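Me: I have a model open and want to go through it with you. Can you take my questions as they come?

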Amino acid sequence: MPEKNEIKILFFGTPEISETALSALLRNGYPVRAVVTNPDKQVGREQKITFSAVKETALKNQIETLQPEKLKDPETIKQIKNLKADLIVVSAYGKMIPKEILDSAPLGALNIHPSLLPKYRGPSPIQYPILGGDQETGVTIMLIDEQMDHGPILAQKTFKIASGETGETLSAKLAEEGANLLIETIPLWLDKKISPRPQDESEATYTDLLTKEYGKINWDDDAGKIERKIRAFHPWPGTYTHYKIKDGVKSLKIIKATTASSDEIPEARPCGSVFLTADRRMTVKTSKGYLILEELQLEGKKPMRAAEFLRGRPEIVGKILT
RNA sequence: CGCGGGGUAGAGCAACGGUAGCUCGCAAGGCUCAUAACCUUGAGGUAGUGGGUUCGACUCCCGCCCCCGCAA
C-alpha cells in the first residue's frame with residue numbers, strides 16, 4: 001500500500017458537513033492536493049459574498065481551491081486532471097462529477113453519503129429518515145459512478161435515531177460518523193482489503209432537494225407527521241404556518257412541538273385551530289391528534305417559547321392557522 | 001446599496017404630539033381542603049443611541065448601532 005502521506009487527494013465538497021470530512025483528512029495526515037467547492041455566493045440579509053465552509057478550511061490550510069461553475073467545461077476538466085490526484089473524495093459537493101474526472105484518479109473516487117444506501121439517495125438524506133419516522137439511519141462510503149449515489153458500497157455504519165432528533169443534531173452526528181468511517185475505510189481500500197458491494201437497486205429510494213415550500217405545515221396531516229417534519233426540517237428549511245393579525249398575514253415558524261392525544265378538545269373545531277389545554281399549553285388541532293407548540297417565531301420577531309408568545313398575543317387562542 | 005418588520009418595566013406586547021399602559025413574572029398581605037384559582041397592595045421604565053422639527057416627542061423627520069422575517 002502507498003504511504004498515506006504520499007497520496008494526493010482531491011477533495012470535492014461544499015457545506016459544513018463536508019468540511020468535517022476535509023478536516024478529518026487533514027488531521028489524519030492525508031495530503032489534500034486541492035479542493036473543489038461551489039462558487040462563492042451572495043448570502044444573507046446584506047447579500048454579502050460568502051465562502052463555503054470547505055473553502056474557509058482550505059484557505060486556512062493553504063490548499064489550492066477550485067470553484068468551477070461547470071465541471072463539464074473542457075478547461076476545467078483539463079485543470080483538474082493536471083492536478084494528477086491519486087484519490088478523489090467527495091462529500092456533499094452539490095454537482096454531479098463527470099466520468100472523465102472520476103476516472104482520472106488511479107485509486108478511485110470515494111463518496112461519503114449520510115444515509116444507509118441504497119435508501120435515501122439524493123440531496124436530503126439526513127432529513128428523510130426523521131420525516132419518515134425511521135428507527136435508524138447511517139453513513140455509507142461508496143465508489144462513485146455516473147449515476148447519483150449509485151456506486152458500490154465499501155463501508156457502512158448504522159445507528160439509532162434518538163427521539164427528539166432534529167435535522168441539526170442528526171447532521172452533526174452523521175458528519176462526525178461519516179468522517180470517522182472515511183478515515184477507517186481509506187487505508188483498507190488502498191490495501192485492497194475491501195471488495196465493493198453493489199447496491200440493491202430494488203431497495204433504492206430517492207430524496208428531493210428541500211425548499212422552503214416543503215416546510216409549510218398542512219394542519220390536515222396528523223400530528224405525528226407534523227411533529228416529525230418540525231424536527232426533520234430544523235433548522236433548514238424550517239417549518240412554518242400562517243397567522244393573520246391586523247397588519248396582515250404573517251408567517252409563523254414552529255421551532256419545537258410535541259404531540260398529544262388529549263380528548264378534552266372540542267371536536268367541532270377545524271384543523272389548525274388554536275386552543276389552550278387545561279394546563280394552559282398552546283395547542284393546535286390536526287386531523288389526528290393535537291400538536292402542542294413549544295417554541296415559535298413570528299415573522300420579524302425572535303424565537304420565543306409558547307408561554308411568552310401568549311403573553312403578548314393572547315388573541316391567537318381561537319384563531320385558525322393556515 | 002435586494003425587499004420588509006422591530007428595538008417601550010425581568011418577559012411578551014399596547015397606546016398616544018402634552019412626561020407611558022396590559023398580561024405574565026416578582027415582593028408583601030388576604031382568601032381557600034385545594035389549584036399555573038381568586039382578591040389587596042407594592043417595587044420596577046431618564047422609551048437603543050445621536051441630532052432635528054415643536055410651546056412641548058416615547059409618539060413626526062434624519063444619521064448611527066443592534067435584532068429578526070423574506071429572498072439567495
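## Contacts with the RNA

Me: Start with the RNA. What is 3.5 Å from a base nitrogen of RNA strand B?
Reply: An N or O atom in the side chain of Gln 47. Keep in mind that this is a predicted model.

Me: Which elements supply at least two residues each?
Reply: β3 (41–43), β11 (248–260) and α8 (306–312). The largest share comes from α8, with four residues.

Me: Staying with β11, is Ile 255 buried or exposed?
Reply: Ile 255, which sits in strand β11, counts as buried because its relative accessibility is 19%, and the cut-off for buried is under 20%.

Me: What is Ile 255 in contact with, apart from its sequence neighbours?
Reply: Leaving aside residues within four places in sequence, the contacts of Ile 255 are Ile 230, His 234, Glu 295, Leu 296, Gln 297 and Pro 303. The C-alpha atom of Ile 255 is also 8.1 Å from that of Pro 235, a residue 20 places away along the chain.

Me: Other backbone items: what is phi at Gln 62?
Reply: Near 55 degrees, which is positive in a residue other than glycine. Gln 62 is in the loop between α2 (53–60) and β5 (64–66), and counts as exposed because its relative accessibility is 75%.

Me: And what about phi at Lys 84?
Reply: Lys 84 has a positive phi of about 50 degrees and is not a glycine. Its place is in the loop between α3 (74–81) and β6 (87–91). At 56% relative accessibility, Lys 84 counts as exposed.

Me: Next, Glu 165. Buried or exposed?
Reply: Glu 165 counts as buried because its relative accessibility is 3%. It is found in the loop between β9 (153–160) and α6 (167–190).

Me: Which side chain does Glu 165 join in a polar contact?
Reply: That of Thr 169, at 2.6 Å. Beyond neighbours within four places in sequence, Glu 165 is in contact with Ile 130, Lys 160, Leu 170, Lys 173 and Arg 231.

Me: On to the packing. Which residues in the largest nonpolar core touch the most other members?
Reply: Phe 11, Leu 25, Leu 110 and Leu 182, out of 42 residues in that core. α6 gives the most to this core, with 10 residues. There is a second, separate core of 22 residues, with Ala 223, Ile 226, Val 274 and Leu 310 among them.

Me: Take Leu 25. What is it in contact with?
Reply: With sequence neighbours within four places left aside, Leu 25 is in contact with Ile 9, Phe 11, Tyr 30, Val 32, Val 89, Leu 182, Ile 183 and Ile 186.

Me: What does UniProt annotate for residues 8–186?
Reply: The unreviewed entry gives "domain: Formyl transferase N-terminal" for that range. In the model the span is 32% helix and 25% strand, and its end C-alpha atoms lie 13 Å apart.

Me: Last, the whole chain. How many helices and strands are in chain A?
Reply: Eight helices and 15 strands. Chain A has 322 residues, of which 47% are buried. Its C-alpha atoms fill a box of roughly 70 × 45 × 30 Å along the principal axes. Of the contacts between residues at least 6 apart in sequence, 66% join residues at least 24 apart.

Note on methods
Residues are numbered from 1 along each chain as its sequence is written. Chains are lettered from A and ligands numbered from 1 in the order in which they are written. This is a predicted model: local features need pLDDT of at least 70, side-chain atom pairs count only at pLDDT 80 or more; totals for chains, interfaces and linings use all residues. Side-chain values use heavy atoms; hydrogens and water are left out. A polar contact is a pair of N or O atoms within 3.5 Å; within protein, one must be able to donate a hydrogen and the other to accept it, and residues adjacent in sequence count only if both atoms are side-chain atoms. Buried means under 20% relative accessible area, exposed over 50%, partly exposed in between (1.4 Å probe, protein chains only). Contact means heavy atoms within 4.5 Å. A nonpolar core is a set of buried Ala, Val, Leu, Ile, Met, Phe, Trp, Tyr and Cys residues joined through side-chain atoms within 4.5 Å. UniProt positions are given in the numbering used here, feature names are shortened, and annotations may be inferred rather than shown by experiment.
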